[in-house]
Amino acid sequence: ESETFVQTQKGFKEIPGAPIAYWASPKVREIFKKYPLLEEIAEPRVGLQTGDNNRFLRLWHEVAYLKIGFGCKSSLEAQESKKKWFPYNKGGDFRKWYGNQEYLVNWENDGFEIRNLVDQSGKLRSRPQNTGYYFKEGITWSFISSSNFGVRYTPNGFIFDVGGSSVFPNNDWIYYVTAYLCSKLSFKFLQYINPTLNFQVGNIGDLPIIFHEKEKSEIDRLAIQNINISKNDWDSFEISWNFKQHPFLNYRGEAKTLEEYYANWADHAERQFRQLQKNEEELNRIFIELYGLQDEL
């Protein structure tokens, strides 16, 4: 015996873009109606299209280290550094909280070469978009798939491309927004906003967000801890430009043999992973309660 569900068209209008998310409960529709959308406080931005990635991008270990400008806080500081290569957020594989920092872009002299890249007919090939946000502390993500959403905190010093689209909330709320976007809840909301699962940059801006002062310090604490755990993990391998020494040496303790070195490091990595997992579960719980969705999630 088949079941029939009836939903009025008016109900669809409460979710941005009026998608046919017929499974959205009255509570979920009320959330979209009641709370501000992320784009109202921090509009997601697409970044630089170089027009020729083979020419303008490099992995960080492919260029002379002295020509790399790390940690610049503004375009002016980048120009004054006289450096040629700068960190570039390119999206990359699924990874949460921190990482995927592998690429550099040639932004020498405020991107002179890229800004002047033309084809044979004189048409500009590159698109330097949202340049006012280059080098700012922010939040970036990889293109979203139907099964995951890899959101990461980004310190100062990065230019970002279209595959590593970014959002730049007020600095006071950057960890809070990172935690929200890394939570189970924001991915759930995305599935209402775009049931086709072909997510676009604008969909991120349509996420409803509650700013809750009372929970902020706990959310910030857990987010910062997760960012640090993920950063330590990223920096434990030579793929990171902040790699200092092998984790076997960092966590060797009293170890004498290679087997003991490995066991100590594996033990540390396991503890960190469990802490990250515990923190994520706690953040999910906090956000689910803030939105009053305990009965649904």
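This briefing walks through the helices, sheets, loops and a few single residues of one protein model.

The model is predicted, so bear in mind that local features need pLDDT of at least 70 and side-chain atom pairs count only at pLDDT 80 or more, while totals for chains, interfaces and linings use all residues. Residues are numbered from 1 along each chain as its sequence is written, and side-chain values use heavy atoms, with hydrogens and water left out.

**The big picture**

- The protein's secondary structure comes to 12 helices and nine strands. Here, helices (H or I, at least four residues) and strands (E, at least two) are DSSP runs, numbered from the N terminus.
- Along its principal axes, the C-alpha trace spans about 65 × 65 × 40 Å.
- Of the protein's 297 residues, 45% count as buried. Buried means under 20% relative accessible area, exposed means over 50%, and partly exposed is in between (1.4 Å probe, protein chains only).
- Take the contacts between residues at least 6 apart in sequence: 70% of them join residues at least 24 apart. A contact means heavy atoms within 4.5 Å.

**Helix H7 and its two partners**

- Start with helix H7 (residues 174–182) and helix H12 (residues 258–290): their axes come within 10 Å and cross at roughly 90°. That makes H7 roughly perpendicular to H12.
- A quick word on the terms: axes are lines fitted to C-alpha atoms, for helices over the stretch in contact, and angles run from 0 to 180 degrees between N-to-C directions. Angles under 35 degrees count as roughly parallel, over 145 as roughly antiparallel, 65 to 115 as roughly perpendicular and the rest as oblique.
- On the H7 side, the contact with H12 is made by Tyr176, Ala179 and Tyr180, and on the H12 side by Leu283, Phe287 and Leu290. By class, that contact has six nonpolar, no polar and no charged residues.
- For the classes, Ala, Val, Leu, Ile, Met, Phe, Trp, Tyr, Cys and Pro count as nonpolar, Asp, Glu, Lys and Arg as charged, and the others, Gly among them, as polar.
- Next comes helix H10 (residues 213–235), whose axis comes within 8 Å of the H7 axis and crosses that axis at roughly 75°. That makes H7 roughly perpendicular to H10.
- In this second contact, Tyr175, Tyr176 and Ala179 of H7 meet Lys216, Ile219, Asp220, Ala223, Ile224 and Ile227 of H10. The residues here divide into seven nonpolar, no polar and two charged.

**Strands and sheets**

- Strands of a sheet pair through backbone hydrogen bonds, either parallel or antiparallel.
- Four strands form an open sheet in the order E2-E4-E3-E8, and the pairing is mixed. Two strands pair if DSSP finds at least two bridges between them.
- Strand E2 (57–59) and strand E8 (159–160) stand at the edges, each with a single partner strand, so one side of each has no neighbour in the sheet.
- Strand E3 (residues 85–89) runs parallel to E8, joined by two bridges. Asn89 stands opposite Phe160 of E8.
- Strand E6 (residues 138–141) is covered on both faces: Gly138 and Thr140 on one side, and Ile139 and Trp141 on the other, are all buried.
- E6 runs antiparallel to strand E7 (residues 151–154), with four bridges between them. The bridge partner of Thr140 in E7 is Arg152.
- E6 also runs antiparallel to strand E9 (residues 166–167), through two bridges. There, Ile139 has Val167 as its bridge partner.

**A glycine in a loop**

- Gly163 lies in the loop between E8 and E9, and counts as buried at 16% relative accessibility.
- Leaving out residues up to four places away in sequence, Gly163 touches Lys90, Gly91, Trp141, Ser142 and Phe143.

- Most residues other than glycine have a negative phi.
- Asp110 isn't a glycine, yet has a positive phi of about 60°. This residue sits in helix H6 (residues 108–115) and is partly exposed, with a relative accessible area of 21%.
- Asn130 also has a positive phi, near 55°. Asn130 lies in the loop between strand E5 (127–128) and E6 and counts as partly exposed at 26% relative accessibility.

**Cysteines**

- The structure holds zero disulfides (a disulfide is a pair of cysteine sulfur atoms within 2.5 Å).
- Cys72 counts as buried at 4% relative accessibility, and Cys182 is buried with a relative accessible area of 6%.
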